[in-house]
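Please keep the sequence and the model at hand while reading.

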Amino acid sequence: MTTSPDEKTYAGGGFPAAFCLFTGNKTPIMNQDTITTVYFVRHGQTAANATGTIQGQTDVPLDETGLKQAELVGARLKNFPFDVIYSSDLCRAAVTAGKIASGRTVIRTPRLREWDLGHWQGVAISEIKLRFPEEYNLFAADSPDFHPENGESSREFQQRAGDFMHYLAANHPGQKILCVSHGGFMVKVLNHVLQCGNFPKRPRMDNTCIAVFSTADGGTNWQLITWNDTAHLESEALDNIG
């Protein structure tokens, strides 16, 4: 990995300096005025997260811990100068976004929703392993054309994430964009940015973690700046939240 020449820029606003993975033609970003930066935040915890139940596109609210996490990430980012704020229209993401927006406009869109997992939604992962072992193995391997009954394939989900990143680069050049979304969607964005295919094991993503990506050429090449930043969730901060 190479340290980005823009590292100090991303250390501002409460973000730690980060190492940068270059993608595409490996050309470092130099001109600050042309950089489009996308800040992703995963929603706070839900009861389904805590119990290992697949949520997909079911509209599950934040639990008590999730609300505290949303308050903490909101306190960290509420004064950050985002030019535009997007959120999944599912309530667990929309509520998290509202804590960060602190009165600013939030554009809710189904394009940022989690993976539609059809008839698996609302079922515990442990039960799915028992009832659908062959399907689960395809799911765990992220087989591109696998999809549960009435659900979205991994390939379709990946396309949706990539299309949204192209949309952001085309419509918000040179801007700082916040997107509050879901763990599965953010992994597909990471796949799109790194152009590395499917991961053999899903990267760690904690609730309300922050990931940052940037492009200086309209979305042809992206950089990963930060992944799974949870500095706001230190135990002392969580204990002291009102």
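On a 1 Å grid over the protein atoms alone, a pocket is an open set of points where a 1.4 Å probe fits, with protein on both sides within 12 Å along at least five of seven lines; lining residues have an atom within 4 Å of a point.

The model is predicted: local features need pLDDT of at least 70, side-chain atom pairs count only at pLDDT 80 or more, and totals for chains, interfaces and linings use all residues. Residues are numbered from 1 along each chain as its sequence is written, and side-chain values use heavy atoms, with hydrogens and water left out.

**The largest pocket**

- The lining comprises 32 residues, of which Glu114, Ile125, Phe139, Gly184 and Arg202 are the closest to the centre of the largest pocket.
- Helices H2 (47-51), H6 (133-140) and H8 (183-194) are the elements that each give two or more residues to this lining; helices (H or I, at least four residues) and strands (E, at least two) are DSSP runs, numbered from the N terminus.
- H8 supplies the largest share of the lining, five residues.
- By class, the lining has 14 nonpolar, eleven polar and seven charged residues; Ala, Val, Leu, Ile, Met, Phe, Trp, Tyr, Cys and Pro count as nonpolar, Asp, Glu, Lys and Arg as charged, and the others, Gly among them, as polar.

**Helix H8**

- Eleven of the twelve residues of H8 are buried, so the rest of the structure largely encloses this helix; buried means under 20% relative accessible area, exposed over 50%, and partly exposed in between (1.4 Å probe, protein chains only).
- The buried residues of H8 include Gly184, Phe185, Lys188 and His192.
- These buried residues pack against strands E2 (36-42), E5 (176-181), E6 (210-215) and E7, and against helix H7 (154-171), where contact means heavy atoms within 4.5 Å.
- Just after H8, Gln195 adopts a positive phi of about 55°.

**Gly56**

- Gly56 sits in the loop between H2 and H3 and is buried, at a relative accessible area of 3%.
- Setting aside residues up to four places away in sequence, Gly56 touches Leu90, Arg92, Glu114, Trp115 and Gln121.
- Gly56 and Gly184 are 128 residues apart along the chain, and their C-alpha atoms are separated by 8.8 Å.

**Salt bridges**

- The structure holds nine salt bridges, each being a side-chain nitrogen of Lys or Arg within 4 Å of a carboxyl oxygen of Asp or Glu.
- One of them joins Arg76 to Asp229, with the closest N and O atoms 2.9 Å apart. Because Arg76 lies in helix H3 and Asp229 in strand E7 (residues 223-229), this pair ties together parts that are 153 residues apart in sequence. Arg76 is buried at 16% relative accessible area, and Asp229 is buried at 6%.
- Another joins Lys99 and Glu71 (3.0 Å, N to O). This pair links distant parts of the chain, 28 residues apart: Lys99 belongs to helix H4 (residues 91-101) and Glu71 to helix H3 (residues 64-77). Lys99 is partly exposed at 32% relative accessibility, as is Glu71 at 34%.
- Glu152 and Arg160 also meet through their side chains in a salt bridge (3.0 Å, N to O). Glu152 is buried at 11% relative accessible area, and Arg160 is buried at 17%.
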